Amino acid sequence: MTAYVEAVSELRPRMRQAIIMIQDLVMVLVAVALSLILSQSRLSFDAFSFAGLACWSLIVLAAHLLFRTSGLYNTVWRFASTPDFFNILKGCGSLTVVLYLASLAFRFFHPVAGLNERQFIVFFLVSFTIISAPRLYYRFLRDGASWRILRRAPGDGPVKQALFIGRLSEADVIVRFTRTAMPAEYAIAGIMATEMDAPLGTKIQGVPVVALRPRLLEVLEDYVKGTENLDLLIFGNGAERDIEDYAELVRVARHSGIAVVQFSGLSELGQGGRLVLDTVEMETIMRRSAVATDTTRIGAFVAGKRVMVTGGAGSIGRVLVKRALELGAEAVLVADNSEFGIFQLDQLIADKDRERLTSRIVDVTDRPHMMRLVSEFKPAILFHAAALKHVPLLEENWEAAIETNVFGTLACAEIAAECGVPQFLLISSDKAVDPTSVLGVTKRAAEQIVSSLHETHATPSRLHAAAANGHRAVASSVHRSGTKFIAVRFGNVFGSNGSVATIFQAQIEAGGPVTITDRRMTRYFMTVAEAVDLVIMSAADAERRQGKDDYAIYMLDMGKPVPILEVAETMIRMAGKSPYTDIPIRFTGIRPGEKLHETLHGENEEVVKLDIAKIFGLRSDVVQWRRIEAALPALLAATHDHDKAAALDVLAGFYQAEDDLVARGQAAPKTAVQIG
């Protein structure tokens, strides 16, 4: 029987349906014979005579028509439920009634001995039973553990034993689909429910509920000590927000050599049903309670537009590129000076999206090249993510920082205005607030350039390279532009190039030590995906704002600052190690330009709560464009003369010239909203 079911299930759909139809008709004939035998009837005519054969043929024809009408062949039986078995009941009942009425009509003209109502009752019961049986058996094999055992080839690997932690509704889905996966990968041994009122000790599809909140951690510790057969811990979707001990549960599992994954959905429902299980990363452990992104709004903003991303091969840039393609951008242009970065980006893009992506190797300070790209591509929005951002490195390479972060931003903003790009968005940093590093002062200068252009809706005249003396001359003319200039400020993102999480991961894999500058140091953290969606949302919001309700700088709510020491200790535990014992932690002292604690806004900035979750507007004093324009030649000269002190003095004037600032709006308290 099993071999027959397996063979039929492997056939093409049309062939399989034809065989099932033939099978049902044979079952009807068998049911007729069994009903006569079980009711001990003695018919007065020969079943194999011409009349008898004609009778069998009419029964087969009636059965086929009624079964098709009842919807018996419109069901995928692996997913059959009560209504589908009702179709069998309806088909068999209809056939029984039709045959009974036909027998009454036949007996009216030609009496038949041995035929009565009892045979038809037996026929109905037998036909329903034997037609349902193969379908029930098929579903049992496909849904039950027996299918997994019967289908396993001698060379197949062992099925991993797993515990599930999450909601019971998800547990039901996961147990079902772990059983139907082919080849079988996981078997759920127990369920740890996040509902406090769940029925402890009961079973879901035969799998016991072994723990409830708030005793999840205690039960897991006992479980891993008492068995060596547990291979996998599966968290439900959103478990990091529902479970207070989420990080500790991950630590206990990984310390015991148990892999940890998180359920995020289902795929391939029509081909066996598979779970989508994502590896639990550091960003999941440290994530703040997330707010769902308004995908409809950002999708409507991006869809059909031409998008340009400078620094598009960097950590944030490449996610911006992928997200723009996902949201339906007409075309995306990447401008980056890293050949290898662009190569890596290309590998991440799906084949269906590659025809909409254009990549160019170019430095953002190369004005002629950038001008040609923008004028030819004609973007509707330019995301300026290109920047140098490693604090200690830029203390020594300050000329490169000024060239890229200041003059690169100026060049891109100027070109965007001259080419009539509707929107220019600068990716800024919390380092720009009360800056103490070269990175900070250059990002602050970039913010002021964008903010000043936002205020005046004007573009400075082009800066031309002077080949004779290596300086750039700045003309005094300024003309109006329709470009909307904004900046979005936020803190660190997990997984970015050179981020603390990336560095710690490499140090842990090397066996340590993990190096931290100071045990008191804190930083804001956000996932790259969340930051990118909020950046796009900021651009969408800026598009509709005008007048005094307009904002040059948006700030993302990064939640509460996280101690760097806590990040290191958590990552070590996630790797199944013990901090200080297995992996040493060494404190090296604060490096030049670093702060113990970053802030997202200064004392002279008013934080305005918007109608968008996790996004705020900033009202800040802005240096007038004429003052920035006047300072640029001095900054160029200091850079040319390798005079770091003079260059930093000029940059300080971008945010310290209190006597020559443009005030935004009416007087208001410096900080209107408590962040985090």
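Modeller: A helix here is a DSSP run of H or I, at least four residues long, and the numbering starts from the N terminus. Keep in mind that this is a predicted model.

Start with helix 16, residues 367-377. Its buried residues are Arg367, Met370, Met371, Leu373, Val374 and Phe377. Viewed down the axis of helix 16, they fall within an arc of 165°, so they line one face of the helix. The general rule is that an α-helix has 3.6 residues a turn, so residues three or four places apart point the same way.

After helix 16 comes Lys378, with a positive phi near 55°.

Now the helix pair. The axes of helix 12 (residues 295-302) and helix 21 (residues 528-544) come within 9 Å. They cross at roughly 65°. Helix 12 is therefore roughly perpendicular to helix 21. The crossing is left-handed. Helix 12 brings Arg297, Ile298, Phe301 and Val302 to the contact. From helix 21 come Asp533, Ile536, Met537, Ala539, Ala540, Asp541, Glu543 and Arg544. By type, the contact residues of helix 12 and helix 21 are seven nonpolar and five charged, with no polar ones.

Key
Residues are numbered from 1 along each chain as its sequence is written. This is a predicted model: local features need pLDDT of at least 70, side-chain atom pairs count only at pLDDT 80 or more; totals for chains, interfaces and linings use all residues. Side-chain values use heavy atoms; hydrogens and water are left out. Buried means under 20% relative accessible area, exposed over 50%, partly exposed in between (1.4 Å probe, protein chains only). Helices (H or I, at least four residues) and strands (E, at least two) are DSSP runs, numbered from the N terminus. The arc is that of the directions from the helix axis to the C-beta atoms. Axes are lines fitted to C-alpha atoms, for helices over the stretch in contact, and angles run from 0 to 180 degrees between N-to-C directions. Angles under 35 degrees count as roughly parallel, over 145 as roughly antiparallel, 65 to 115 as roughly perpendicular and the rest as oblique. A crossing is left-handed if the near helix is turned anticlockwise from the far one by less than a right angle, and right-handed if clockwise. Contact means heavy atoms within 4.5 Å. Ala, Val, Leu, Ile, Met, Phe, Trp, Tyr, Cys and Pro count as nonpolar, Asp, Glu, Lys and Arg as charged, and the others, Gly among them, as polar.
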